[in-house]
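Please have a look at the structure first.

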Amino acid sequence: MNEKHEQYRFNTKLIHSTAGGGAYGAVNVPIYQTSTFAFRSAEHGAKFFAGEIEGYMYTRIGNPTVKALEDSIAGLENGFGGIATSSGLGAVTTVCMALLEQRTHVVSTASVYGPSRGLLEDQLARFGVEATFVDTSDVGNVEKALRANTRMVYIETPSNPAMQVTDLRAVAALAKARGSVFVVDNTFATPYLQRPLDLGADVVLHSVTKFINGHADVVGGMIVTRDEALYRRVRPLMVNLGCCMDPHQAFLVLRGLKTLAVRLDRAQQNAMTIACWLERHPKVAWVHHLGLESHPQHELAKKQMSGFGSVFSFELKGGVEAGRRLMDNVRLATLAVSLGGVETLIEHPASMTHAGMSRESRIAAGITDGLVRYSTGIEDVEDLVADLEQALAVA
Ligand SMILES: *Cc1c(COP(=O)(O)O)cnc(C)c1O
């Protein structure tokens, strides 16, 4: 599906797989803001419905602007095809509902994105799907959790916000031996830093809301499958659930995607500088950043990723109270959930993004009460450090 840009390197693919190619020599992909597409004749329409010809007839099923984004991200992930969704959660729901059925079982990362866990535990459980959540950074835990009816292994790495890394090659081997489909949420790393399909995954999904769009102005999702058979199983679910992406949304994501690599290069360089500085600060208890040698999976991260990303977490010696004062006193970093945008965001998972989990599950997922999450933007790093310095002085 994406043979056109296969021979190019990542940055070239980023720019040229998101380019126009439409009418009038347009350099960018036009927004086909239309719900329906005219048939040339009654016979032409009938052939569409009989599945005899390909093309566009209704935007929930497919749209040229959305298709451009699907092809682009599928190419970046080295997959067969992309399926765009209205949100990241739409992608998670589509994949789970397409590939699971009653009396099947899922093994997943304990610190998986909260609402993904909620989907399995609260919603799909009603349809007879069982799920076990384990610390997948220890592959032995995955092996122990597998059952005869384990149909899917669902991994998020690096995990949010504890920054635990799961060995994708090792899990791929386990899933394959068991005949389970291996799904990876690659939102945090993006195809720039990690390509799970190359490491043995069957399906990759994204919240493009985060790094891929990168400008905190769109919510969206994407699924990429390794092969055509999986693509044909998953795509109808998106159409039936009705969680399609809108053409205007797709246009904005195409625009954001072009600068993914330059944004991430800058953001992760900033993050590394700040994490090193924080680790030496007398008021800081610990910093979880994949690039620090103190991180327990630093070597694994180096092996399966081509960079350490721009999100990290830390805790102050003064615990929850000191963390709160820090978040109330930063002036440049914005106190908000979400991540992966050009602007720096700070938040407190235990009382915000992960408040829905029991304290016990949070601690098991490495999310201590005082943990502060920092999503580094592309501002000047000296200003970000000065901002933290003045906030730490009063924390
Ligand atoms: C945000 C996020 C999601 C959900 O995506 P939405 O676009 O908010 O629906 C899923 N997985 C991860 C890792 C996320 O960070």
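Predicted model: local features only at pLDDT ≥ 70, side-chain atom pairs only at ≥ 80, totals over all residues.

**The ligand and its surroundings**

By class, the shell around the ligand is made up of four nonpolar, six polar and three charged residues, where Ala, Val, Leu, Ile, Met, Phe, Trp, Tyr, Cys and Pro count as nonpolar, Asp, Glu, Lys and Arg as charged, and the others, Gly among them, as polar. Residues are numbered from 1 along each chain as its sequence is written, and side-chain values use heavy atoms, with hydrogens and water left out.

Of the 13 residues around the ligand, those that come nearest are L89, D185, S207, T209 and K210; a residue is near a molecule if one of its heavy atoms lies within 4 Å of it. A polar side-chain atom of K210 is 2.7 Å from an oxygen atom of the ligand, and a polar side-chain atom of S207 lies 2.8 Å from a ligand oxygen atom. From L89 it is a polar backbone atom that lies 2.9 Å from an oxygen atom of the ligand. The protein covers 92% of the 380 Å² of accessible area that the ligand has on its own, with areas from the Shrake-Rupley method and a 1.4 Å probe.

Let me turn to a pair of helices, which, like strands, are DSSP runs numbered from the N terminus (helices are H or I, at least four residues; strands are E, at least two). The axes of α3 (residues 64-76) and α10 (residues 247-257) come within 8 Å and cross at roughly 35°, the axes being lines fitted to C-alpha atoms over the stretch in contact, with angles from 0 to 180 degrees between N-to-C directions. Among the residues making this contact are L69 and I73 of α3 and F251 and L254 of α10, contact meaning heavy atoms within 4.5 Å. The residues of the contact divide into 11 nonpolar, two polar and no charged.

Finally, which backbone features deserve a second look? Most residues other than glycine have a negative phi, and most peptide bonds are trans. The peptide bond from T157 to P158, however, is cis, with omega near -5°, and another cis bond joins N160 and P161, with omega about -5°. P158 lies in the loop between β4 (150-156) and α7 (168-178), and P161 is found in the loop between β4 and α7 as well. Y24, although not a glycine, has a positive phi of about 60°.

Methods
Polar contact = N/O pair within 3.5 Å; in protein donor to acceptor, adjacent residues only side chain to side chain.
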